[in-house]
Amino acid sequence: MARPEGQCSAKLDVDRLNSLLAGCDLAKHIIYRSDTGSTNDDAIAAAREGAPEGNLFLTDFQTGGRGTRGRSWHAPRNGALLLSSVLRPEPGIGPPALTRIAGLALCGGLRSSTDLEVKIKWPNDAVINGKKIGGVLVETIGTRPSAAIVGIGANLNFSAAEIDAGDTPVTTVLDETGRSCDREGVIAAVVIAIARHYRAIRAGDSLLSEWRELSAILGGWVTLTTDHESFRGTAVGFGTDGGLVLALEDGSRREFQSGRVIDWQAIA
């Protein structure tokens, strides 16, 4: 695919982002670095030094970006959404709830800013027609926790042919629409959505109804792997803490709090 003129050439416009995110509780202090190892690592270091909620870390290029289970995350310079937000959640708001917040924000932000039909592949991937377009990584500090880092990445203004995604089918906004998107606009939409869903969780909303509505796998056959086993069954629902409930081939039902869905066939 031919790249549009100027594609992936512009650094983030931080002044514009500050304007778009004016008044957003989670963007009181934007920390931008054109290059970094990992925005999550930057946010973790700052949180350990006492950085308050509302610190938002952004970059144009990561040399050590990562996802869950130690997998790496690569994207061309100036072509992706790469952000990490420092939160100071109340006791009881742990990684499962924060993953729901981030997953819904990523899907909702992409949907509103690009009109793409983005869905959630449990527990933390954003997909379009079975191809991954983004993901979420939540990391906590302390046992309470004293802080949580919500990291989000998404493929925007480059072709998936430019990255090595291993055995994972991937796509990008450019591949799906044939044109580049407004990167600052997408970032602002996602951050504003994080703040909205965070307020909802703090007010007692589990967000499970929205989670079900945007699920890419609910009602379909899936293969799920854990650290030691593989399971096959129908995705029939989510538990109160967001765990995936499978109706297994042997007729039993089991809820999984973690794992990786490696194959699925959703029912339209």
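Let's start with how this chain folds back on itself: among contacts (heavy atoms within 4.5 Å) with a separation of 6 or more, 67% join residues 24 or more positions apart. The model is predicted, so to speak of local features a pLDDT of at least 70 is needed, side-chain atom pairs count only at pLDDT 80 or more, and totals for chains, interfaces and linings use all residues. Residues are numbered from 1 along each chain as its sequence is written, and side-chain values use heavy atoms, with hydrogens and water left out.

**Overall build**
- The protein has 6 helices and 12 strands, taken as DSSP runs (H or I, at least four residues, for helices; E, at least two, for strands) numbered from the N terminus.
- Its radius of gyration is 18 Å, close to the 18 Å that the globule rule gives for 268 residues, so the protein is as compact as a globular protein of that length; the radius is taken over C-alpha atoms, and the rule is 2.2 Å times the number of residues to the power 0.38.
- Along the principal axes, the C-alpha atoms fill a box of roughly 55 × 45 × 30 Å.

**Inside the protein**
- Of the 268 residues, 53% are buried (under 20% relative accessible area, 1.4 Å probe, protein chains only).
- Leaving aside residues up to four places away in sequence, Ile152 touches residues including Leu83, Leu106, Val190 and Ile194.

Conventions: Buried means under 20% relative accessible area, exposed over 50%, partly exposed in between (1.4 Å probe, protein chains only).
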